[in-house]
Amino acid sequence: MKVSITVNGKKQDGDVEPRTLLVHYIRESLGLTGTNVGCDTSSCGACTIHLDGEAVKSCTMLAVQADGSNVTTIEGLAKDGVMHPMQTAFMENHGLQCGYCTPGMVMAAIGLLNENPKPTEEQVRLGLEGNLCRCTGYHNIVKSVLAAASAK
Amino acid sequence: MTITENKPTNIIGTRLLRREDPPLLTGEAKFTNDLDIPGALHLSVLRSPYAHAKIKSINVAAALKIAGVVAIYTGKDLQTSWAAPMPCAWPVTTDMKNPAHYPLAIDKVCYVGDGVAAVLATNETASRDALDAIDVQYEPLKVVVDLEDSLSDKNIIHTELGTNKSYTWPLLVEETPGCVEDAFKKAKYKVKERYVQQRLIPMAMEPRAIAAVPQPFGGDITLYSSTQIPHILKVMTALTLGIAEHQVRVIAPSVGGGFGSKLDVYAEELLCMALARKHNAPVRWVEERSENTQATIQGRGQIQHVELAADENGKITAVRVRIIGDMGAYLQLVTPGVPILGAFLYAGVYDIPKAYDFSCTSVFTNLTPTDAYRGAGRPEATYAIEMAIEALARAMKIDSFELRKRNYIKKEQFPYTAFSGLTYDSGDHLLAAEKAAKMTDLAGVRAQQKKQNVPGATKLLGVGMSSYFEMCGLAPSRVLASLNYSAGGWEAATVRVLPTNKVQVITGTSPHGQGHETSWAMIAAEKLGVAPEDVDVLHSDTAISALGLDTYGSRSLPVGGVAIALACDKVIEKAKLIAAHQLECSADDLQFVNGTFAVKGSPDRALPLAAIAFGAFTAHNLPDGCEPNLEAQVSYDPPNFSWPFGTHMCVVEVDTETGAVKILKYIAVDDCGNQINPLIVEGQVHGGVVQGIAQALFEEAVYDSDGNLKTSTLAEYLVPAACDVPPITTGHTITPSPTNQLGVKGIGEAGTIGAAPTVMTAIIDALSSLGVTTMAMPASPQTVWKTINEATRGGKK
């Protein structure tokens, strides 16, 4: 099936098997491998991207469902070689270790602040419920998101 | 303690941000499954749905017709592809039973997830589709899932062995024969406890991924794998496949966490390599999460019987431990050694006489093989002794902290020769514990507890603690030899100063989240007087880092980091000879400060390292007999394990009506000696603590009586999310290790070791007024509620 999706500002036309998940389309057809796959039950959130400005797990939808949409992946955040403030906040607060959950976590965190620019610590923890990390114990992830919020 | 003989440039000990982060934060980093490998065939593995069954027939005809399917192999088809069964590197006893274990099962399957057939296809979708079209006829056999049932040998899994028992490993240390028994006879207080260490799934966020790329005309093969152990993998895959070792190159690209689960030689690595060679084409495989829970090793899985004898003051006089270890269906790389790693720690941080009687019997079950999971044997041991200390305090009706204080090895006793003969190099348990108590506001919490935990209250407050020793920095090779481990415990490093004064550090450690690139650059920068950004750290590719023993057991810094410091010393030594030659002075008259050699007393006569590096490169003016270039290689075998320690405390509130446990405060005071980068140290503690909390409250690989895993996805296996865990307050004491020049000890596993007993002792403390003295892990709301009910209503267990 034909799909046309604007990814990181660039219109991409493709031909996919109807059962292709959006995450597989992004990784395999577009070669944007920053978006990771960590589970098969939509539990881990490693594949979180932005679809028309909203954080979604790209394994929960088919590529064809994103036809005509605007997608931002982790590769689309940095501008002119400068990282997005959320990426900088993660670096400054040691909010990542192995980095596998990180692209999804960063996309989810940006989505969280879009909805609630000044969250409390508890709201950050609840807001990131759908994204699992096995390395950091979340402490520095929460700190990163709060730092990004207060820098805004 | 000084870091070097020279003035430090103050890089070590700073919170330098990680150089690893930008590529990981922007999607630029490449994990194994991100690699673009043109022409690769995709491997999928058909897995057994039975825990124990004979394979009667396998029909692949229909599957072969699927478009894109290239070939399908059964275990029998590949039987001649293996020069040896899959390796187990730790035959803990000479009579250990080790069933032959091949990448695909040959005539019977022994756990749900055991590989039965391998499909190669031109794309991943076709290879997975083909799995459904393969028809396997099984004859189910009786299944063994319970450890005590396995021990009875009623149903034997590997009939050729004649028993389910793999080994019994005893450690009896007695000052005089029979003194353990005597101590128990004479004891004023005795406790006898039974604990179950549930099976845990390591659940690194990156599932395993592999690509084997052959060079059809050269005979060489490159294995890309999401592994913690590229060096060990190189040797082991060469031996198992019967390939010359120098023809194998192993690369671990970015690796998304390991926690021990990627410290192994896996069937899929061998399948990819064997089939890549057969087909003269790259072969790749990526694990699905629900496959990971069955086909990647699990951790823990022990039943522990622990007895303590104590005198009238609560001074421990003897320890007796009996363990049943769950090996799972087969022995993986270090499976049998895991309980043994804990054997030396069942006396914890306490001063006990030579009256220690330990024995571990390990058995096979029809479950996924176990192996090292963060802490590997040491969290289990620490849990047992710390829970038993609590039981002893209850028996004596005294405060458990007070009991610990009476038994701690005292600061002035270090270096302390333990009952086992091992030397604990340094420690100050009381200092760490008192710091934790202060940070917890223990007195305040106890006062609040008195007010809150009144009869009829439904929200009960509890305080828990555990003090631990971690035996890590694996390991002195001679000690490993005495434990029958098949390899050494050294680590290698090369330090090279390039002509432009940039530095290359090549390490045998293989990071997967620990930030080695940043920390190792800091060590070299400090030693050589250069900026950390001028140091490049190369690793995880056996063609670049030829020697190494990789990353596990909190060994990377105390062994690999120290090797780098020693290699820097050798570089400085050589540079000093060149400097002396060029400055026309004696090397003894030179001092090396902040990257410059200067004649003592005449600071104007000086040469910076940069000039010497360039001079070593041009080789125009070197002393006689001095080789060109400025580089040095070191293989460092540590003289002792390293012994990080600490005390963790936490405050919980237990809702007696719902069984819910809420951690209100978690305090971790860890002493890992000198800290290279406190930012990274804290991160390791946070993550470790949450994995320990997860064992205490959430996680368990649950099997039914037929050996089916009921928690095979992340929807069922409860890896905690941010909202499930508390913030972690970290503190530290610093007792430098006297056995290495950096004074470092390792921090990778400490959090996990300390956390589970801390949380569990807190829950029991909260419920003590209801008569609760025991609680199974994970302490889920259901378990807590049932335990309260049994205690208060005398309900049956």
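# Strands, helices and loops of chains A and B

Student: In E4(A), which residue is the bridge partner of A:Ile49?

Tutor: This is a predicted model, in which local features need pLDDT of at least 70 and side-chain atom pairs count only at pLDDT 80 or more, while totals for chains, interfaces and linings use all residues. Residues are numbered from 1 along each chain as its sequence is written, and chains are lettered from A and ligands numbered from 1 in the order in which they are written. Strands E3 (residues 48-51) and E4 (residues 54-57) of chain A pair in the antiparallel sense over four bridges, where pairing requires that DSSP find at least two bridges, and helices (H or I, at least four residues) and strands (E, at least two) are DSSP runs numbered from the N terminus. In E4(A), the residue bridged to A:Ile49 is A:Val56.

Student: What phi does A:Asp52 take in the hairpin of E3(A) and E4(A)?

Tutor: This hairpin has two residues between its strands. There A:Asp52 takes a positive phi, near 50°.

Student: How many residues of H18(B) are buried?

Tutor: Helix H18 (residues 678-697) of chain B reaches 28 Å from its first C-alpha to its last, close to the expected 28 Å, a span given by 1.5 Å times one less than the number of residues. A residue is buried if 20 or more other C-beta atoms, placed from the backbone, lie within 10 Å of its own, exposed if 12 or fewer, and partly exposed in between. H18(B) is mostly covered, and of its 20 residues the buried ones number 18.

Student: Is B:Asn484 buried, exposed or partly exposed?

Tutor: B:Asn484 lies in the loop between H14 and E19 of chain B, and has a positive phi near 70° although not a glycine. Because B:Asn484 has 17 C-beta neighbours inside 10 Å, this residue counts as partly exposed.

Student: What is omega for the peptide bond from B:Phe414 to B:Pro415?

Tutor: B:Pro415 is in the loop between helix H11 (400-407) and strand E16 (416-417) of chain B. The bond from B:Phe414 is cis, with omega near -5°.

Student: Over which residues of chain B does pLDDT stay under 50?

Tutor: The mean pLDDT of chain B is 96, with 98% of its residues at 70 or more, pLDDT being the predictor's confidence in each residue from 0 to 100. Where pLDDT is low, the predicted coordinates should not be read in detail. In chain B the stretch under 50, for which the model has 13 contacts beyond four places in sequence, is residues 1-8.

Key
Contact = placed C-beta atoms within 7 Å.
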